[in-house]
Each structure stands twice: as structure tokens, then as C-alpha cells.
Amino acid sequence: QALMIISILLGFFAAIISLFGLQCIQFGTTDPVAKAKIASGGGALFIVAAMSAMVPVSWYAFNITQQFYDILYPGTKFELGPALYIGWAGAALQLIGGICLCLACKRATGATGEYAYKYRAPRSSLRPVSRNYPSEVDNSSNYGKNAYV
């Protein structure tokens, strides 16, 4: 029971830490390398939470299986039920989520904090968008008919 409570608490803290590691959250640092490291830390906590949930569920399933096939066991024999399968599925989802977070942020370890795409400023807006043909020019103003959106 203690490992399951630890797993729940670790999963909660991992979700909070991973939330701060998202690039769309502007709380804390805005450096993409720091955000990736925070998200990787959250992923690592998800992996630890998954392991701390997988251990008691698998241990209990092992005990149930051993007691079920023991001919000399005098107590009530239980079978594997839906709670064990839900525990395994939850731990597997936590493990997959933690691995995905860690792998998605793997490239940030050697990054310099710059984006791969370089911003190029637009060209000067002083040149006209289109040529002003005599049929397009409104004589009452200096703007062409196609200058409005």
C-alpha cells in the first residue's frame, strides 16, 4: 500500500514538473534547453512512479498465483481480477509517458539554446505590392483598388 501511495504522489509531482517543462507555459524560464531539462526531469519521475506502481501490483499477482496453485494452502483462493489489470495498465501508461518525455527532450542535451530555424526579416515594405495599372488606380486617392483586404 505504501508503494502505491508513493507512486500516486510521484505521479502528481511528475505531472506538475512536466507542466512547467512545456514550451507553451511562460512561467519560470523561457530558455528551450532549460524547459527540455525540466520536462526530462518530469519524465524521469514518471518512470520512477511507474516502477513503484508496477512492483506492488506484480508482487500481489505473484502471491495470488502461488496461493491459487498451492494444494496445501488452507485459506481462500483468489483469482487475478480487474484491479490488477488496471494497475498494470496505469503503470504501463506512466512508463510510456515518462519514456516519451525523456526521448522527446533528448536532443536538448547538446543544444546551445538556439532554434534550428533562423528568422529572416521581411523585405522592405516600401516597394509596391503590385504594379498600378491604369485600370486599377482610383483617381480620388493615392491607393490602388487592390490595396485593401
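Tutor: Contact here means heavy atoms within 4.5 Å, and the model we are discussing is predicted.

Student: Which helices do the buried residues of α3 pack against?

Tutor: Helix α3 covers residues 82-104, and its buried residues include Leu84, Ala91 and Gln94, along with Gly87 and Gly98. Taking contact as heavy atoms within 4.5 Å, the partners of these buried residues of α3 are α1 and α2 (32-69).

Student: What distance does helix α3 reach from its first C-alpha to its last?

Tutor: Helix α3 has 23 residues, for which 33 Å is expected at 1.5 Å a residue.

Student: Is Phe12 buried or exposed?

Tutor: Phe12 has its place in helix α1, which runs over residues 2-20, and it belongs to a nonpolar surface patch of about 770 Å² of accessible area, together with Ile5, Leu9, Phe13, Ile16, Ile17, Phe20 and Phe27. Because the cut-off for the exposed class is over 50% relative accessible area, and Phe12 stands at 51% relative accessibility, Phe12 counts as exposed.

Student: What percentage of the residues in the protein are buried?

Tutor: The protein has 3 helices and 0 strands, in the order α-α-α from the N terminus on, and its accessible surface comes to about 11,700 Å², with 67% belonging to carbon and sulfur atoms. A residue is buried when it has under 20% relative accessible area, and of the 149 residues in the protein the buried share is 20%.

Technical notes. Residues numbered from 1 in each chain as written. Predicted model: local features only at pLDDT ≥ 70, side-chain atom pairs only at ≥ 80, totals over all residues. Heavy atoms only, no water. Patch = residues over 30% accessible without salt bridge, like charges linked within 9 Å, V, L, I, M, F, W, Y side chains within 5 Å. Areas by Shrake-Rupley, 256 points an atom, 1.4 Å probe, with all protein chains shown as cover. Salt bridge = Lys/Arg side-chain N within 4 Å of Asp/Glu carboxyl O. Helix = DSSP H or I, 4+ residues; strand = E, 2+ residues; numbered from the N terminus. Buried < 20%, exposed > 50% of the residue type's maximum accessible area, 1.4 Å probe, protein only. Expected span 1.5 Å × (residues − 1).
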